[in-house]
Amino acid sequence: HINCCRDVLVSNCVIETQDDAVVVRADYGMLKEKKSCERVAFVNCSLMSYCACIRLSFLNDGELRSCSFSNLMMHDSAMGLNLELKPKAGTVLSDKLGVESTVEDIVFSNIDMQRVICPIRCVTGNRPGVNCRAIRDIRFNECHCRDAEWSVFSGGQGNPLERFVFTNCTFPTEKPITMTNCVDFKFEAGTFNLK
C-alpha cells in the first residue's frame with residue numbers, strides 16, 4: 001500500500017500476491033490531517049495477484065491524482081485495474097473529515113495483460129454511502145490484454161466516470177464491455193479493438 005504519499009517511484013519489481021499486488025490510495029482515516037496522494041509512478045514491473053494487480057482508491061478515501069503506471073506485465077490474475085468505491089456489508093462509514101473521493105489524472109501506458117480475467121473494473125455506481133466528487137481524466141496508451149472475460153465501467157448518476165481516453169489499446173473479452181454513466185469516453189478511431 002502506498003497511502004497519502006507524494007513523489008514515489010517503484011521500479012523493476014516482481015510482485016506476486018494473494019490480495020491486491022499494488023494499492024495506491026488516500027486514506028485520511030489514520031491521519032490528523034487531509035493529505036492527498038499524488039505523483040506516484042510504477043515502472044518496469046511484473047504483477048500477479050489472485051485479486052487485482054493495481055487497486056486505486058477505496059471507499060471514503062480522499063484525493064488521488066497525477067499517478068502513472070508504465071511498462072508493466074500483468075499475468076494470471078483476477079483483475080488488472082480495480083478502481084471501485086463500494087461499501088462492504090457491515091462497513092461503518094465515517095465522515096469526520098468530510099471526505100469526498102477524487103481520482104484524477106491517471107495514466108496507464110505500455111501494459112501487457114495475459115490471462116487476466118477482468119482487465120479493467122471502474123465502479124462507483126449509485127450506492128448509498130459512496131461520497132465521490134469525481135473519477136476523471138484517466139488515459140490508457142498501448143494497453144493490451146489476452147485471454148480476458150469481461151470489463152466494466154459504471155459511474156453513478158451524480159458521480160459519472162469522466163474523460164477516459166484509450167489510444168492504441170486492444171481489450172478482447174468474451175462478454176461485452178459494460179458501460180453505465182460514462183461521460184466523454186474516447187476510443188480513438190481505429191485504435192480500440194474488441195476482437
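## Isoleucine 54 and its contacts

Start with isoleucine 54. Setting aside neighbours within four places in sequence, isoleucine 54 is in contact with Val22, Leu47, Phe69, Leu72, Met74, Gly80, Leu81, Asn82 and Phe108. This structure is a predicted model.

Which residues have the most contacts inside the largest nonpolar core? Ile54 is one of them, and the others are Val24, Leu56, Phe69, Phe108, Phe140 and Phe164.

## The nonpolar core

The largest nonpolar core has 50 residues. Several strands each give two or more residues to this core: β4 (22–25), β5 (37–49), β6 (52–56), β7 (63–84), β8 (101–123), β9 and β11. The largest share comes from β8, with eight residues.

## The cavity

The structure holds one cavity of 30 Å³ or more. The largest cavity has a volume of about 50 Å³. Its lining is made by Ile54, Met74, Leu81, Phe108, Ile111, Met113, Ile120, Phe140, Cys143 and Phe171.

Which strand gives the most to the lining of the largest cavity? The answer is β8, with four residues. At least two lining residues come from each of β7, β8 and β9. The lining of the largest cavity has 10 nonpolar residues, no polar residues and no charged residues.

## Aromatic pairs

Across the whole structure, a search finds 12 aromatic pairs. One of them joins phenylalanine 140 and phenylalanine 166. This pair is stacked, at 4.7 Å centre to centre and 0 degrees between the planes. The pair links distant parts of the chain. Phenylalanine 140 is in strand β9 (residues 132–146), phenylalanine 166 is in strand β11 (residues 161–167), and the two are 26 residues apart. Both phenylalanine 140 and phenylalanine 166 are buried.

Phenylalanine 166 also forms a stacked aromatic pair with phenylalanine 187, at 5.0 Å centre to centre and 15 degrees between the planes. Phenylalanine 166 lies in strand β11 and phenylalanine 187 in strand β15 (residues 186–187), so this pair ties together parts that are 21 residues apart in sequence. Are the two partners buried or partly exposed? Phenylalanine 166 counts as buried because its relative accessibility is 0%. Phenylalanine 187 counts as partly exposed, at 32% relative accessibility.

Ring pairs also build a cluster. Phe42, Phe69, Phe108, Phe140, Phe153, Phe164, Phe166, Phe171, Phe185 and Phe187 are linked in this way.

## Asparagine 82

Asparagine 82 is among the contacts of isoleucine 54. Asparagine 82 lies in strand β7. It counts as buried because its relative accessibility is 4%, and buried means under 20%.

Leaving aside neighbours within four places in sequence, asparagine 82 is in contact with Ala52, Ile54, Arg55, Leu56 and Arg121. Asparagine 82 and serine 57 are 25 residues apart in sequence, and their C-alpha to C-alpha distance is 8.9 Å.

## Two positive phi values

Most residues other than glycine have a negative phi. Serine 66 has a positive phi, near 55 degrees. Serine 66 is in strand β7. At 29% relative accessibility, serine 66 counts as partly exposed.

Asparagine 181 is not a glycine either, and has a positive phi of about 50 degrees. Where does asparagine 181 sit? Its place is in the loop between β13 (178–180) and β14 (182–183). Asparagine 181 counts as partly exposed, at 31% relative accessibility.

Terms used
Residues numbered from 1 in each chain as written. Predicted model: local features only at pLDDT ≥ 70, side-chain atom pairs only at ≥ 80, totals over all residues. Heavy atoms only, no water. Phe/Tyr/Trp six-rings, centres within 6.5 Å; stacked < 30°, edge-to-face > 60°. Buried < 20%, exposed > 50% of the residue type's maximum accessible area, 1.4 Å probe, protein only. Core = buried A, V, L, I, M, F, W, Y, C linked by side-chain atoms within 4.5 Å. Contact = heavy atoms within 4.5 Å. 1 Å grid on protein atoms, 1.4 Å probe; cavity = no way out; pocket = protein on both sides within 12 Å on 5 of 7 lines; lining within 4 Å. Points joined across faces, edges and corners; volume = space filled by probe spheres on them. Nonpolar A, V, L, I, M, F, W, Y, C, P; charged D, E, K, R; others polar.
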